[in-house]
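Please keep the structure open while reading the points below, and look up each place as it is named.

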Amino acid sequence: MPNRAHSGLSSGTPDRKPLYLFAGARIDAGSDHLVLRRDGTAPQRFPVARITRIICNHQASWSGQALSLCLTEGIAITWIDGHGHAIGSAQSNHHRPCNLATLIETYLELQDWPQRFANWLAHRRLDLLLTCARRASSEEHPMEKEVFQELKRQFVYNGNHPLAFEPEGEGFCHALTVDHLNRAQLQATYWGFDASPFELAKHLAALLWAELNLECGTLSASADHCTIVARLFESWAHQREAQLQNHLRDLKCHLAREVNTWQ
């Protein structure tokens with residue numbers, strides 16, 4: 001079912017909000033809006049000017065016109081499976097790459113870029129863990145030393161972390177990341193030396209997903225569980241989406257250093 005949560009844009013204009021499609025429906029389009037149709041219910045219309053990103057599952061049946069309208073308007077669409085994993089996204093082509101995109105493409109010409117990037121990821125995971133530990137201390141719930149050291153071993157070096165939030169959150173993190181990259185005119189995936197994929201969205205979403213799990217509690221079952229999970233996620237994301245920009249800034253510094261050393 002659609003769930004349109006707060007997106008936090010400036011006041012004075014209506015908020016652009018994410019659109020969650022959990023139930024089976026057909027999505028068509030008008031000139032400036034999407035039309036959601038379900039059997040036995042009246043059509044629902046969603047102006048594209050109000051949509052920031054779309055998250056859906058395999059039960060959503062898209063018309064070509066609806067897909068085209070979303071891509072034309074720069075609205076990224078992410079599909080998630082029954083386990084909450086993102087299985088793919090659609091986003092607009094960006095014909096004028098920004099400086100960061102150019103840096104990425106140059107960086108990916110390095111033969112050993114996967115190891116360099118793995119080192120950067122470990123650095124970001126450590127920074128994220130320290131940030132979460134500081135937040136916990138400031139909220140008078142300090143992380144025990146043994147817990148911190150175990151997380152450092154498992155998360156910083158291996159990328160493993162506790163799973164406290166509902167599994168749908170992983171797909172939601174991916175959708176939020178693709179939307180952020182789309183607005184920054186960056187692609188979700190690039191191709192590096194020897195045609196190896198550089199899955200930028202996947203790696204940034206994993207950092208966001210880890211932070212969500214390190215900070216949240218558990219949820220109880222509910223008849224409207226998916227909607228509740230989406231609303232809780234959007235509330236958390238409204239506070240933490242800036243972390244994606246922080247990761248991108250740090251990545252840009254890393255890329256510039258590595259490219260400069262190579263050249």
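1. Ala195 lies in the loop that joins strand 9 to strand 10, and, as this is a predicted model, the values given here should be read as properties of that model. The phi of Ala195 is near 60°, which is a positive value in a residue other than glycine. With a relative accessible area of 58%, Ala195 is exposed, because the cut-off for that word is over 50%.

2. Asp194 is found in the loop between strand 9 (190-191) and strand 10 (197-198), and its phi is likewise positive, near 60°. Its relative accessibility is 69%, so Asp194 counts as exposed. For background, most residues other than glycine have a negative phi.

3. Is helix 5 largely enclosed by the rest of the structure or largely open? It is largely enclosed, because 14 of its 16 residues are buried.

4. His33 belongs to strand 3, which covers residues 33-37. With a relative accessible area of 19%, His33 is buried, because the cut-off for buried is under 20%. Its side chain makes a polar contact with the side chain of Asp32, at 3.0 Å. Leaving aside residues up to four places away in sequence, His33 touches Asp28, Arg45, Phe46, Pro47, Val48 and Leu69.

Note on methods:
Residues are numbered from 1 along each chain as its sequence is written. This is a predicted model: local features need pLDDT of at least 70, side-chain atom pairs count only at pLDDT 80 or more; totals for chains, interfaces and linings use all residues. Side-chain values use heavy atoms; hydrogens and water are left out. Buried means under 20% relative accessible area, exposed over 50%, partly exposed in between (1.4 Å probe, protein chains only). Helices (H or I, at least four residues) and strands (E, at least two) are DSSP runs, numbered from the N terminus. A polar contact is a pair of N or O atoms within 3.5 Å; within protein, one must be able to donate a hydrogen and the other to accept it, and residues adjacent in sequence count only if both atoms are side-chain atoms. Contact means heavy atoms within 4.5 Å.
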